[in-house]
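Have the viewer open while you go through them.

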Amino acid sequence: MKREQFSSSLGFVLAAAGSAVGIGNLVAFPVMASKNGGAAFLIMYAFFVFFICLPVMLAEMSLGRHTRQNPLGAYTEIGQNRAWRTVGWMSVITPFMIGVFYLVITVWIFGYLAKSIMGQLNELAGPDSFGVFINSNELFVYMVVVIGLTFLILQGGVKQGIEKASRILMPMLFIMLIALVIYVMTLDNAMLGVKFFLIPEFDKLTGKVLNGALAQAFFSLSLAMGILITYGSYIQKNNNIVHAGKMVAGLSVLVACCSGLLILPAVFSFNPDIQLSTLSESSISMIFTFLPKIFLAMQADIGYFGASFIAGFFFLLVFFAALTSLVSIIEVPVASLMDGKGVSRRTALYSLGAVMILLSVISALSFGRVEMFSNLLSYGGVNKSFFDLVYDIFYETILPLNGFLLCLFVIYRWKKHNLDAEISQGNSTFAGSLLQKYVNFSLGTFIPLILAVIFVNTVSTIFFGKNLLF
Ligand code: TRP
């Protein structure tokens, strides 16, 4: 069977942007930026995106388009030995396991959306509602809906599923985001929030902050997850990879900045005296415990119905962002099974889906409901649940390792001239350009070095409780 392709460069850009734009852009980024130097942070973030992440992005897209394979197939075909094949396996198991915990988070978001619409905002804003919600039975009802939607999109394939969903959901996401920004700007004290988000404070940019900014930029762009290799394998030969990569990076940064203009004004209109240092940097606690309170407080102005409407609107926006990321990450193992075993999309989806659902249910039960999963083991001096374990191993630890190996693979195994030749197809000005020299040099030297340092430090911090750098 002929491999499916995106119908155009724009189709790829929207799908890849759908993958990149997630709760990280919408919530983690604005909080991180405002606490750590405002515009100074933004500038550094954009710098990292274009000078460190973009080369990796181009490498992944080219590798996918060249081999017309999923990551396992690509590493096997070009690597030609057991070691690289193992790396290939890691690049499909990692997205599978990230899918497991991201599914759980997406289900929570959908639950909050449903409950806002059903008029239960006051319940969501209560003190321990989140803890109660994630251990409730209704969670499994929401899980069925989210799994159904995800399967429906993936079942449609590349053009009729992934691309079509992105073409509908992404423009809606942008419009909703802008509408919400306009609304929060009308609130009292909104400008105070804008000020904290945009006034630069360069002295706040410590090594630790920069490290956090780089990690956020790298993983938020879906790098090292095999997604861009897989989506890259669906790009047409005459599409311009450099142009598409820049668009994806630009859209992701743009959404992150707009989210800052949404979250910060909302926070300051809720409490103009709030100390930014008291805000949690975890997106989870921000979305599920703090923001519902802010939405509920809006009822003083616009009534309970209006406040519920705004909350529902916001959760719908976050849900769209999460759904397109979830779809992208599950497509990686699905494509691997289809390519590797020659099975149909449906068979691949159902067999992987069954295992994934089982593991997601275990993750969902690991917040206190089932003691064995909740206190699975302890490392780095902290008790960890099944959910924590999957997150720590696959998201925090293996991703930088995969990124490091990918750079070495592309430059030293696949070789620079092959990378250049692939990028040059559909881009007549790449050969001999400054960009080409920069991409070749950076991917072979300091980018893998930085990723290796992040990997070693993460292992030491998470598993041994000792941060080597800061
Ligand atoms: N962009 C996501 C976020 O901001 C992180 C991410 C990138 C992701 N690719 C993903 C999450 C794929 C899940 C699946 O939250």
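1. How far is an oxygen atom of the ligand from an N or O atom in the side chain of asparagine 25? The distance is 3.2 Å, a polar contact (a pair of N or O atoms within 3.5 Å; within protein, one must be able to donate a hydrogen and the other to accept it, and residues adjacent in sequence count only if both atoms are side-chain atoms).

2. Before going on: this is a predicted model, where local features need pLDDT of at least 70 and side-chain atom pairs count only at pLDDT 80 or more, while totals for chains, interfaces and linings use all residues. Numbering runs from 1 along each chain as its sequence is written, and side-chain values use heavy atoms, with hydrogens and water left out.

3. Back to the ligand. Tyrosine 102 has a polar side-chain atom 3.4 Å from a ligand oxygen, and a polar backbone atom of serine 220 sits 3.1 Å from a ligand nitrogen. There are 15 residues around the ligand (a heavy atom within 4 Å); Ala20, Gly24, Phe219, Ser220 and Ser222 come nearest.

4. Have a look at threonine 324, in helix H15, residues 299-341 (helices are DSSP runs of H or I, at least four residues, numbered from the N terminus). Threonine 324 is buried, at 7% relative accessible area (buried means under 20%, with a 1.4 Å probe and protein chains only). A polar atom of the threonine 324 side chain lies 2.9 Å from the backbone oxygen of glycine 18, and one lies 3.0 Å from the backbone oxygen of phenylalanine 320. Beyond neighbours within four places in sequence, the contacts of threonine 324 (heavy atoms within 4.5 Å) are Gly18, Ser19, Val21, Leu169 and Met170.

5. Of its 176 residues, Phe12, Trp108 and Phe314 touch the most other members. H15 gives the most to this core, 20 residues. Setting aside neighbours within four places in sequence, phenylalanine 12 has contacts including Phe6, Met61, Leu228 and Tyr231.

6. Finally, helix H3. Of its 29 residues, 22 are buried, so H3 is largely enclosed by the rest of the structure. H3 bends by about 45° at cysteine 53, with proline 55 following within four residues (the bend is the angle between axes fitted to the seven residues ending there and the seven starting there). Just after H3, arginine 68 takes a positive phi of about 55°.

Conventions
Helices (H or I, at least four residues) and strands (E, at least two) are DSSP runs, numbered from the N terminus. Buried means under 20% relative accessible area, exposed over 50%, partly exposed in between (1.4 Å probe, protein chains only). A nonpolar core is a set of buried Ala, Val, Leu, Ile, Met, Phe, Trp, Tyr and Cys residues joined through side-chain atoms within 4.5 Å.
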